[in-house]
Amino acid sequence: MAQATGAMSASGMYVGVSTDNSTWVDASGYATSVEISGGDRQTGTVFTFDGDYPILKAGKRDAMTVTIRYVFTESSAQAYAKAKTAYEAGTAFYVRWSPGGGDAGEIGYTTGSGYIKNPPYAVGDAASGEPILCETQVECAYVTAAAIGTAGW
């Protein structure tokens with residue numbers, strides 16, 4: 001098999017956040033990483049007296065947690081303020097991202113309606129000169145992938 005030639009770097013990724021899945025805040029200039037955990041599909045096995053291998057079946061998927069890290073600012077229009085408001089109110093929060101940068105035809109990922117699990121408040125270390133980063137963990141039932149420019153994007 002030939003080596004891949006279309007590899008991508010995450011350095012130009014688009015990241016957006018929303019509290020209504022309609023109005024999106026472009027967090028690309030603030031976001032530093034996007035990670036997913038969870039979403040494991042339940043599986044089950046059973047053995048019978050006849051045969052050496054189990055009968056294997058697939059079940060439902062667990063919830064996913066999408067974690068975004070971003071630079072803290074006090075602007076009420078940026079990602080931190082949106083995450084803080086949704087966390088404190090216990091209201092829906094959405095995340096979407098596109099590894100290619102968000103141009104039409106590229107693949108984009110969008111969470112279903114989720115909730116912020118952790119306090120997104122700014123913290124820091126006095127000995128560090130690094131910018132303050134915040135982390136938001138959004139628990140959602142699913143993530144969908146679609147070509148940008150189609151329904152959902």
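**Close-up views of a predicted model**

Leaving aside neighbours within four places in sequence, Pro99 is in contact with Met8, Ser9, Gly12, Met13, Ile107 and Tyr109; contact here means heavy atoms within 4.5 Å. This is a predicted model, in which local features need pLDDT of at least 70 and side-chain atom pairs count only at pLDDT 80 or more, while totals for chains, interfaces and linings use all residues. Residues are numbered from 1 along each chain as its sequence is written, and side-chain values use heavy atoms, with hydrogens and water left out.

**View 1. Pro99 sits in the loop between strands E7 and E8.** Strand E7 covers 94–98; helices (H or I, at least four residues) and strands (E, at least two) are DSSP runs, numbered from the N terminus. Pro99 counts as partly exposed because its relative accessibility is 26%. The cut-offs are under 20% relative accessible area for buried, over 50% for exposed, and partly exposed in between (1.4 Å probe, protein chains only). Take a look at Met8 too: its C-alpha atom is separated by 7.6 Å from that of Pro99, although the two residues are 91 apart along the chain.

**View 2. Five strands make an open sheet with antiparallel pairing.** The order is E2-E1-E7-E8-E11. At the edges are E2 and strand E11 (143–147), each of which pairs on one side only. Two strands pair if DSSP finds at least two bridges between them. As a reminder, strands of a sheet pair through backbone hydrogen bonds, either parallel or antiparallel. Strand E8 (residues 107–111) runs antiparallel to E11, and five bridges join them. To find your place along this pair, look for Gly108, which stands opposite Ala146 in E11, and for Thr111, whose bridge partner in E11 is Val143.

View 3. How exposed is each residue? Trp97 counts as buried, at 7% relative accessibility, whereas Tyr109 counts as partly exposed, at 29%. Their side chains also form a stacked aromatic pair, 5.6 Å centre to centre with 25° between the planes. Because Trp97 lies in strand E7 and Tyr109 in strand E8, the pair ties together parts that are 12 residues apart in sequence.

**View 4. Phe72 and Tyr80 form an edge-to-face pair.** Rings of Phe, Tyr and Trp (its six-membered ring) pair if their centres lie within 6.5 Å; planes under 30 degrees apart count as stacked, over 60 as edge-to-face and the rest as tilted. By this rule the count comes to three aromatic pairs. The ring centres of Phe72 and Tyr80 are 4.8 Å apart and their planes are at 80°, so this pair is edge-to-face. Phe72 counts as partly exposed at 21% relative accessibility, while Tyr80 is buried, with a relative accessible area of 12%.

**View 5. Val25 lies in strand E2 (residues 25–26).** Val25 counts as buried, at 15% relative accessibility. Beyond its neighbours within four places in sequence, Val25 is in contact with Val15, Gly16, Val17, Ala77, Gln78, Ala79 and Lys82. Val95 is 70 residues away along the chain, and its C-alpha atom is separated by 9.7 Å from that of Val25.
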